[in-house]
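Reader: I would like to learn how to read some features of a protein model, one after another. Could you take me through them slowly?

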Amino acid sequence: MRLSQMLFVTLRDDPADAEIPSHKLLLRAGYIRRIGSGIYAYLPLMWRVLQKVSQIVREEMNATGAQECLLPQLQPADLWKESGRWDTYTKAEGIMFSLIDRREQQLGLGPTHEEVITAIARDMIRSYRQLPLHLYQIQTKFRDEIRPRFGLMRGREFIMKDGYSFHADEASLKETYQDMYKAYSNMLRRSGLAFRAVEADSGAIGGSGSTEFMVLAEAGEDEVLFTEDGKYAANVEKAVSLPANAEPSRFTTYEKRDTPKSETIEKVCQFLNCSPTQVVKNVLYQTVYDNGMTVLVLVSIRGDQEVNEVKLQNELTKLASNYAAKTIISLNVPNAEAQQTWTAKSLPLGYIAPDIPDEYITSDKQIHPQFVRLVDQTVVDLKNFVTGANETGYHVVGANWSEQFKVQSTLVDIRKARPGDRAIHNPEQTLQSARGIEAGHIFQLGTKYSQAMGANYTNEQGEEKPLFMGCFGVGVSRLAQAAVEQSYDKDGIIWAVAIAPYHAIVTIPNINDAQQVATAEKLYAELNQAGIETLLDDRDERAGVKFKDADLIGIPYRIVTGRAIANGKVEVVERATRKSQEIVIDEVTTTLKQWITSAIEE
Ligand code: ATP
Ligand code: MG
């Protein structure tokens, strides 16, 4: 392609609305253009990158025996009502764009395709002989994200590869899951990315596990905790660890103490001269279930620890059926205004004990009359601890479970693991932290959708059984931008050869020099002929401008038909290392062919 004929517009300055380097660079280098909030045009250079990434994804998927298809983006609401997700996706999470057609039918724009694929499986899979089966697609997804940002990282319209597998049993599902683990690792490795596969939260779906593939970068929205020995890595949402040991308490007798103005852990510890590891902290949460029921939750956790709200939400989702509900709509620490909606009298905030009486809750059909009391592992073994006295300005010290307080509550792990904690598999290893961009997520769904939608098959014994399912997603457009986030310098993008829009760019320093032009034209034709994807910068611009642009768009190899042609040579510069060498004109194509082949891993 000739730059003189391309829509080629680069910006000198960083665009004002871009925050992270990859977003700035893709805008500046003319790869993408913002059309609206979370909506981007993929310009020709970007589209080539996306096609390269898609092709790598496709090859890795096909190698596992999965088959490509294309499912509709427009999805009837009825399917989502069958799975029970219509209301959560359109109202609660509000992630799905929905619309009403001219026949007054409700439709949604696909944020994901479990419903569509399960409907197909229900109709077409009859027998165990058809299993296992894995279908995938590469397609634009729509999600009305609360905070679209960082360009293609979190768009409202983005490209995803999503695959869905069907199995007779869990063992077969696990086999495909393992294959996908390898396929995803290959995709990221071949795209030139440094990444970490981490244990992930499977949310309310449950199932027996999921793995996220995190591209390591400072700008990542996720925190990953891992051990140096490589044996443990998890998203902080899911991570488990051993907390530091509690210090022994110095309060040997149970007493109520006057602790004025000590409504935080820090203040009470200062006042009583004790360690936060001796304090039972009681945190109040308010949750609303999908049937409108408000439930108040009291979490007791050690004073030096924090609540992991993802773990908490999972625990509360498990309790949904106790309130005739299916799922949670919201979960938060209620502020003063929210408290007014359910308190019968004012709470001793900052001084709450694990046994705060239920009579603080006002009587209302839509409010559950008792606190749900959850006790984290960290407080169960505490002896002679400090906690609130249920009275403003007072704490109790030297308290013990089964003496002053009953563990009448449900025992759970809702603690947030953090860097520095000891690892469970080996307490000599401590957790370290890194930032990651979630590029892919693989999931063992189990029978959730097949049961909800009646997707069964007949097994060898002739019995009807629900299909086991897996689902596997990779964000093609997010991955492409993540590659930039991991590889750039002050002058621009540095693409890995495997996903660069072009392999090489032939730059003519002076287009009024006939010899320079002739050499460049010859090389341009020859390189393309040899399958080396090449740009020709034949614009009437100063050489300096052309070099800057070539660096900015990040083409791996630049060939300059400058002074060296007097000696039958051209200058070849490698973008990543800036290594420059003169190569005999006739040897350029074979040399580059070699470099490119060895740079692109299969
Ligand atoms: P996130 O936690 O980042 O919102 P998710 O858990 O919603 O991601 P999945 O539903 O598992 O993501 O989708 C599969 C993949 O699609 C993700 O791993 C990610 O790479 C990509 N993806 C998800 N949401 C977006 C988005 N808004 N913009 C771009 N890519 C996305
Ligand atoms: Mg999301």
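Reader: Is tryptophan 595 buried, partly exposed or exposed?

Author: Buried means under 20% relative accessible area, exposed means over 50%, and partly exposed is in between, with a 1.4 Å probe and protein chains only. Tryptophan 595 has a relative accessible area of 25%, so this residue is partly exposed, whereas tyrosine 557, at 4%, is buried. This is a predicted model, in which local features need pLDDT of at least 70 and side-chain atom pairs count only at pLDDT 80 or more, while totals for chains, interfaces and linings use all residues. Residues are numbered from 1 along each chain as its sequence is written, chains are lettered from A and ligands numbered from 1 in the order in which they are written, and side-chain values use heavy atoms, with hydrogens and water left out.

Reader: How many aromatic pairs are there by the rule, and how is such a pair described?

Author: A pair of aromatic rings is described by the distance of the centres and the angle of the planes. Rings of Phe, Tyr and Trp (its six-membered ring) pair if their centres lie within 6.5 Å, and planes under 30 degrees apart count as stacked, over 60 as edge-to-face and the rest as tilted. By this rule the count is 11 aromatic pairs. One of them joins tyrosine 289 and tyrosine 323, a tilted pair at 5.2 Å centre to centre with 35° between the planes. Tyrosine 289 belongs to strand E14 and tyrosine 323 to the loop between H8 and E16, so that the pair links distant parts of the chain, 34 residues apart; helices (H or I, at least four residues) and strands (E, at least two) are DSSP runs, numbered from the N terminus. Both tyrosine 289 and tyrosine 323 are buried. The rings of tyrosine 557 and tryptophan 595 have centres 5.4 Å apart and planes at 40°, so this pair is tilted. Tyrosine 557 lies in strand E29 (residues 557-560) and tryptophan 595 in helix H15 (residues 588-599), so the pair ties together parts that are 38 residues apart in sequence. Ring pairs also link Tyr181, Tyr184, Phe195 and Phe213 into a cluster.

Reader: Which residues of helix H8 are buried, and what covers them?

Author: An α-helix has 3.6 residues a turn, so residues three or four places apart point the same way. In helix H8 (residues 309-318) the buried residues are Lys311, Leu312, Asn314, Glu315, Leu316 and Thr317. Their cover includes strand E14 (280-289), strand E15 (294-302), strand E16 (328-332), strand E17 (372-376) and strand E20 (410-412), where contact means heavy atoms within 4.5 Å.

Reader: Which backbone angles deserve a second look?

Author: Most residues other than glycine have a negative phi, and most peptide bonds are trans. Asparagine 390 has a positive phi, near 60°, and is found in the loop between strand E18 (385-388) and strand E19 (394-399); with a relative accessible area of 18%, asparagine 390 is buried. Arginine 578 also has a positive phi, near 65°, and is placed in the loop between strand E30 (569-574) and strand E31 (580-584); its relative accessible area is 37%, so arginine 578 is partly exposed. The peptide bond from leucine 131 to proline 132 is cis, with omega near -5°, and proline 132 sits in the loop between helix H5 (114-124) and strand E7 (133-142).
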